[in-house]
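Open the model in your viewer and get ready to select as you read.

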Amino acid sequence: SSGINAEYGGPSHKRYLSGCALSKCATFETPLYALTTDAETVSQLYKSELFTDFDVYDDENEHSLEMQYPYIAKVMQGYKDNFKIVSIIVGDVSVEHARQYAKVLEPLLADPHTVFVVSSDFCHWGSRFSYCNVNGETNIPIWQAITKLDKLGMDTIESLNSSAFQSYLSKTSNTICGRRPILLLLATVEEHSARNPRTESKFSFLHYSQSSKCVRQSDSSVSYASGVLTIS
């Protein structure tokens, strides 16, 4: 099809979800303009019988994708009449499960007119998040231990290896909200590389920050990272 399509993957925070679901909303309002759902692609994804419905009530209460829509609307403002979106809410998926979805999503990833956006933050550290792991780094400030923990995960993501990322999560239990959407993206990249061995995929992180620098056990912080995947 002509124009640009954007596939959005975000974690489900408010409702337990096994597998992936598709938003039932036809449009998404933003402060700039409304984003329109690509009904044709949604219909094709449903035919795989892998996706369930994400009802409007749950959709309105889920913030992971909602946070991204205004930014995408701003970035795509010059193309606002020439692109549509597909919102995929990602629940509990294993590596094996992700690879099933990857077979369906790979043709979209291979389409040069399609952009994939994954919504996630990184470590939620502190007792209020029930996570105080410093991954054995007890001789440095807590915030530096968190940085090392996150950087290890970021390096693993950059390796584009879904099994390695799952192993990292199993070993550290790092509280990355979008770990399942990230896993799904990695599996889809692996599927693309298997089908197109002459292409080169590269993921690079561009920025990393923390909401505050933890120095005491009573402190808390949330980490944020942004990166870009390119396929050539």
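Start with α5 and α6: α5 passes α6 in a left-handed crossing, meaning that the near helix is turned anticlockwise from the far one by less than a right angle. This is a predicted model, where local features need pLDDT of at least 70, side-chain atom pairs count only at pLDDT 80 or more, and totals for chains, interfaces and linings use all residues. Residues are numbered from 1 along each chain as its sequence is written, and side-chain values use heavy atoms, without hydrogens and water.

Select residues 142–158 for α5 and 162–172 for α6. Helices here are DSSP runs (H or I, at least four residues), numbered from the N terminus. The two axes come within 9 Å and cross at roughly 160°. The helices are therefore roughly antiparallel (angle over 145 degrees).

Now show side chains. From α5, pick L149, D150, L152, G153, T156 and I157; they meet A164, F165, Y168 and T172 in α6. Contact means heavy atoms within 4.5 Å. These residues divide into six nonpolar, three polar and one charged. Asp, Glu, Lys and Arg count as charged; Ala, Val, Leu, Ile, Met, Phe, Trp, Tyr, Cys and Pro as nonpolar; the others, Gly among them, as polar.

Next, go to L160, in the loop between α5 and α6. What is the phi of L160? It is positive, about 55°, although L160 is not a glycine. Most residues other than glycine have a negative phi. L160 is buried, at 13% relative accessible area (buried is under 20%, exposed over 50%, partly exposed in between, with a 1.4 Å probe and protein chains only).

Last stop: S173, in the loop between α6 and α7 (179–195). Its phi is also positive, near 55°. S173 is partly exposed, at 46%.

Key
Axes are lines fitted to C-alpha atoms, for helices over the stretch in contact, and angles run from 0 to 180 degrees between N-to-C directions. Helices (H or I, at least four residues) and strands (E, at least two) are DSSP runs, numbered from the N terminus. Angles under 35 degrees count as roughly parallel, over 145 as roughly antiparallel, 65 to 115 as roughly perpendicular and the rest as oblique.
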